[in-house]
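I opened the notebook to look at helix geometry and packing. My entries follow the model itself.

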Amino acid sequence: MIISAQTSRDKWLEKVYKKAMAELDEFFELNWQQNQPKVFIVKNRKEIDKIWNQKTPKWLVGWGGRQSGVYILDRKNFKKESDNTYTKERYSALLKHELAHCFTDILTDGYRKPVWLNEGISIYLSGQLKQYEQPKKYKHFLKSFDKQKEGVYAEAGWVVKTLVEKHGKKKLFDLLKQIKTTKPNKKEFNKIFKEIYGVKTSITQPTSRHSLRKTGKISP
Ligand SMILES: [Zn+2]
């Protein structure tokens, strides 16, 4: 398939990109200056479907990673071509979410499991937590290991927030490094997680400071 690309000048979006890259770089401590990810603006749903070579759901407005670059639906057509709400804040967060995937890809060498962790990092760092009320109970996220299952977006960002704010960035980076070297399945991941965090996880009390219970199991 041939896609025609043209460089566009959206000064506002360029500013958003720069700010997002700077903030993400500060978090990930990569000093990523060369070959920063390219962003492709896709005009409408028809073009998205062409790229995916299938009919895509209306919620799909952005994707990508370090290898492919980032694709997002043109903000001019956002309302018309998706069921997402368009505000500048949400659109900025969407771009930052996809860019965060690029950073995580570097740390994991593109291995994106568990899905909940991968998405959680992007949601937490992009500011999209504002779009999800803090869950009273975490019921769904652990089901999303290989594939994205229902309810993962609403919970995963809050889980990562807890991991980072309670246990620190370093442990998260250790976890990602282990993911990169071992490319773990679910069972192996649980073992790595326990080694790093010293606990099996059953994250049930997001409002408390003790979200990671010592006695629970990691599997749902
Ligand atoms: Zn994502």
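This is a predicted model: local features need pLDDT of at least 70, side-chain atom pairs count only at pLDDT 80 or more; totals for chains, interfaces and linings use all residues.

Entry: α1 and α4.
By that convention, I find that α1 and α4 cross in a right-handed sense. I took α1 as residues 11-28, and its axis lies 10 Å from that of α4, at an angle of about 40°. That makes the pair oblique, because angles under 35 degrees would count as roughly parallel. I then looked up the contacts. On the α1 side are Val16, Tyr17, Ala20, Met21, Leu24 and Phe28. They meet Ser92, Leu95, Lys96, Leu99, Ala100 and Phe103 of α4.

Entry: α7.
I checked the length of α7, residues 169-182. Its 14 residues should span 20 Å at 1.5 Å a residue, and the end C-alpha atoms are 20 Å apart, so the two agree. Next I asked which residues of α7 are buried. They are Leu172, Leu175, Leu176 and Ile179. Viewed down the axis of α7, the buried residues fall within an arc of 95°, so they line one face.

The buried residues of α7 pack against α4 (88-108), α6 (152-167) and α8 (186-197). Turned away from the buried side, I find exposed Lys170 and Thr181.

Last, I looked just past α7. There lysine 183 takes a positive phi of about 40°.

Technical notes. Residues are numbered from 1 along each chain as its sequence is written. Helices (H or I, at least four residues) and strands (E, at least two) are DSSP runs, numbered from the N terminus. The expected span of a helix is 1.5 Å times one less than its number of residues. A residue is buried if 20 or more other C-beta atoms lie within 10 Å of its own, exposed if 12 or fewer, and partly exposed in between; C-beta atoms are placed from the backbone. The arc is that of the directions from the helix axis to the C-beta atoms. Two residues are in contact if their C-beta atoms, placed from the backbone, lie within 7 Å. Axes are lines fitted to C-alpha atoms, for helices over the stretch in contact, and angles run from 0 to 180 degrees between N-to-C directions. Angles under 35 degrees count as roughly parallel, over 145 as roughly antiparallel, 65 to 115 as roughly perpendicular and the rest as oblique. A crossing is left-handed if the near helix is turned anticlockwise from the far one by less than a right angle, and right-handed if clockwise.
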